[in-house]
Amino acid sequence: MAPKVLMVAEKPSIALSIASVLSGGQMSTRRGSTEVHEFDGTFRGSYAQFKVTSVIGHVFSVDFPQAYQSWEGTDPVDLFDAPVLKSECNPKAHICRHLSNEARGCTYLVLWLDCDREGENICFEVIHSTGMNETEIGNRILRARFSSVTEKDIRNAMETLIAPNKDESLSVDARQEIDLKVGVAFTRFQTRYFQGKYGNLDSRVISYGPCQTPTLGFCVQRYMQITTFKPEKFWYISPVFLKDGYELQLEWDRNRVFDFDVATMFQKMVANDGTLKVVNVSIKEESKGRPAGLNTVNMLKVASSALGFGPHTTMHLAERLYTQGFISYPRTESTAYPSSFDFRSVLISQQSNPIWGDEIRTLLTEGFVKPKQGHDAGDHPPITPMRAATESVLGSSDSWRLYQYICQHFIGSISPDCRYTRTSVEFTCGGEVFSCTGQHVISKGFTSIMPWLAISEKNLPQFKKGDKIKLTKVDLNEGTTKPPDYLSESELISLMEKHGIGTDASIPVHINNICERNYVQVNAGRRLVPTALGTTLIRGYQCIDPDLCLPDIRGFIEHQITLVAKGKTDHLQVVQHVIQQFKQKFSYFVQKIENMDALFEAQFSPLADSGRSLSKCGKCSRYMKFIATKPTRLYCVTCEEVYNLPQNGTIKLYKELICPLDNFELLLFSLSGPDAKSYPLCPFCYNSPPFEGIDKLLTPLTLNPKNPNPKKGTNGMPCFLCPHPTCRHSMITQGVCACPECSGTLILDPISAPKWRLYCNSCNCMVLLPNGAHKISTTNKRCENCDSAIIEVDFNKNNTPLSDGKTLYEGCILCDELLHGLIEMKHGKSFFVRGRGRGRGRGRGRGRGRNVDPKMSFRDF
């Protein structure tokens, strides 16, 4: 029987490319969690059956067990010694089950994951998911190494299969555990501490990260240099003369002086002399070197400074170009090409391009030069164009601009150097030395394809030693020293690379994080300006423990991680050592938090002075303050209690209605847009659900997944999840029937008039009810057929579908023919992550085969 070979790529598009090449396009495709491509071929000299599928990035993520998930119930210091577990990143994609099913009966597993440390880590996640034994690594479990998704690279990788690298995978495990424990412990502590005291922080989470915080530190350091800078006046003299039709202004050898009287003295000395004497003329041929190969960091820097793309956007564009086969792998630290690299084939593929085709044909005819001896990190070749493209083919002007630069950089790297002559002339006058410089390009070289790096021409008249020239005038100019500009993204990337903060893959993530956390803002020229929150945080760390925001400690960690990747140290020892160091720092940080708090107190407003009065507290009957800045929340000044609210929507008072459980006034939360949902909630119940066991029932629905401070392990209980039997706003009274697409319940939206509708309390399913009705409400009656709630509709008398002009009608929306014919199912904008669904098309939502109350989503309650 022919052996079966399962091959797994990192993305569906790469799996398709691999299968298309190896099958010659003769394959069949079937659907699964990701597509599976099947074909017959030859493996290790024998006939074999192939299956090619993919994951969608990491299969697993690292997290704490459920017992450590509560922000209130867990002391952050305990997280340093807490166990960690790996759980499926996206359970609804069922990637683990998919890999396990496809691996059944397979003799070989070939891993086509990206060839970096993260890729090696995903290799072992795939091995775990398939159930194959790691002892088979190198025998039945193999790894393909490739740098581009081209036919040549794919076939070459298939012929040179190797074993996956366990050490590199363990280095990723070590980094993940360190970043998780350190980041979550500090983040939970400082978020709860400061959000409970200040109202205008304007950040949902006050996060700390071993890489993120030193990155912010660089920005704040430059900001402090700017704010503490004291400008000084300076003066300099500029002699001017005419020769052969050229008016030249000379540069002073002293550059500038900071004393006006001294500058005036020098001006008079030169003016009194009035004659320049040429003391030296130097003409040298110089060259400007072509660039080395393009690595990730240099691509990010150029994209930010020249193309205006942020690092996060740049990597997204580059990854798309790579998966489409237009460029080689975009994550590489190397700037040196391997000796066997086929430059001619790359040039031939680009010679028909209308922009740089002439340059290519010249290189092919006259010969190209070898690239500079760059840095070989042993990972991937520099980023290289692999296939010709046009802007219309790429379908995006941004993708085209990045692709164009990659092509120009590659062509420039194998073009001759730029050669030019530099003429320097030195003068004396009044005892002072002056000079001027001219440049003339002999051969443009690589600058013809990279014109932004061209040498600027500057012609000078003819001079010879001993010439004497009369001065036209001697200007005394005044200037003022200026502070440095705010740090640009390009400069920040250089600093991160220099100090070992992050990797070529993670640098864009760290920069994006400090922007999203509202620690910095990106201004014109992609310059990073720290916000008050970002500046205060770094100043606070500096007051307590400067190591927390300096790059040295992260550089040490990255060095240890690299030793793990090279197999030179044990990853468990590295993790234990680093975690214990940070645990001690955390304990000291907690003890000294008042030092940082003093800075916050000077910068931000206390909760009692923030916000506006909105709704009454059920405990003291006084109005609570609504804090509109993120994270939106309520604060009771009298009780000194903070109540978290749903995010990213609008909050208003709901008809001054009172919750029957705790006497708090109800609020109405709404998203924006015509199909967005709205729901009422009680601030107290939302934060502290009053029903025993409700935590377990709320968790699968994952309401508000980004809630930074869930209480008692819940994700918030709005009224449509409340199982109170008599409250007019609860799921019991407003629920109509089971959702046809998931295990949730369709709830009547009480404020949707005149466009009445039902929405699911678990997914984004929406049912439009008869339009224009005066009123629609639920009743306490039940349908005899499906046990759904009977609704009462008061139709508009001008368009009632009832005979004899009647307007009142009761019925089941599922079983009543009249009502069922008037409803329409659609999907709206939701604030939920869809729960485990039951699939589509089950009897048009009639709930067939369900023997339980279709209103009750929480069947175990």
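How far is the sulfur of C739 from the closest cysteine sulfur? That is point 1; some ground rules come with it.

1. **Cysteines.** The sulfur of C739 sits 3.7 Å from the closest cysteine sulfur, which belongs to C760, and that is too far for a bond. A disulfide here is a pair of cysteine sulfur atoms within 2.5 Å. The sulfur of C812 has its closest cysteine sulfur in C786, at 3.6 Å, again too far for a bond. By this rule the count of disulfides is zero. C739 counts as buried, at 0% relative accessibility, and C812 counts as buried too, at 4%. For these labels, buried is under 20% relative accessible area, exposed is over 50%, and partly exposed is in between, with a 1.4 Å probe and protein chains only.

2. **Ground rules.** Please keep in mind that this is a predicted model: local features need pLDDT of at least 70, side-chain atom pairs count only at pLDDT 80 or more, and totals for chains, interfaces and linings use all residues. Residues are numbered from 1 along each chain as its sequence is written, and side-chain values use heavy atoms, with hydrogens and water left out.

3. **Salt bridges.** The structure holds 36 salt bridges, each being a side-chain nitrogen of Lys or Arg within 4 Å of a carboxyl oxygen of Asp or Glu. One of them pairs the side chains of E177 and K181 at 3.1 Å, N to O. Both residues lie in helix α5 (residues 166-195), four residues apart, or about one turn of the helix. Helices (H or I, at least four residues) and strands (E, at least two) are DSSP runs, numbered from the N terminus. K181 counts as buried, at 5% relative accessibility.

4. **A bridge between loops.** The side chains of D417 and R290 meet in a salt bridge at 2.8 Å, N to O. D417 lies in the loop between α13 (397-413) and β13 (418-429) and R290 in the loop between β12 and α8, so the pair ties together parts that are 127 residues apart in sequence. D417 is partly exposed, with a relative accessible area of 25%, whereas R290 counts as buried at 14%.

5. G289 is partly exposed, with a relative accessible area of 32%. Leaving aside neighbours within four places in sequence, G289 is in contact (heavy atoms within 4.5 Å) with K372, D417 and F446. D417 is also the salt-bridge partner of R290. If you want a distance across the model, G289 and G25 are 264 residues apart in sequence and 44 Å apart in space, C-alpha to C-alpha.

6. K464 forms a salt bridge with D467, and the closest N and O atoms are 3.5 Å apart. Here K464 is exposed, with a relative accessible area of 56%, while D467 is buried, at 16%. Elsewhere, salt bridges that share partners join R30, E38, K51 and E102 into one network.

7. **R633.** I'd take a look at this arginine. R633 is in strand β21 (residues 633-636) and is buried, with a relative accessible area of 1%. The side chain of R633 reaches the backbone oxygen of P631 at 2.6 Å, and a polar atom of that side chain lies 3.5 Å from the backbone oxygen of Q195. Polar contacts are pairs of N or O atoms within 3.5 Å; within protein, one must be able to donate a hydrogen and the other to accept it, and residues adjacent in sequence count only if both atoms are side-chain atoms. Not counting residues up to four places away in sequence, R633 touches several others, including Q195, Y198, L607, F626 and Y643.

8. **H820.** Another backbone oxygen, that of I813, is reached by the side chain of H820 at 2.8 Å. H820 is found in helix α23 (residues 817-822) and is buried, with a relative accessible area of 13%.

9. **A surface patch.** V262, M265 and M269 form a nonpolar patch on the surface, with about 220 Å² of accessible area together. Patches are made of residues with over 30% relative accessible area and no salt bridge, with like charges joined within 9 Å and nonpolar side chains (Val, Leu, Ile, Met, Phe, Trp, Tyr) within 5 Å. Areas come from the Shrake-Rupley method with a 1.4 Å probe, and for residues only the protein chains shown count as cover. M265 lies in helix α7 (residues 260-273) and is partly exposed, with a relative accessible area of 43%.
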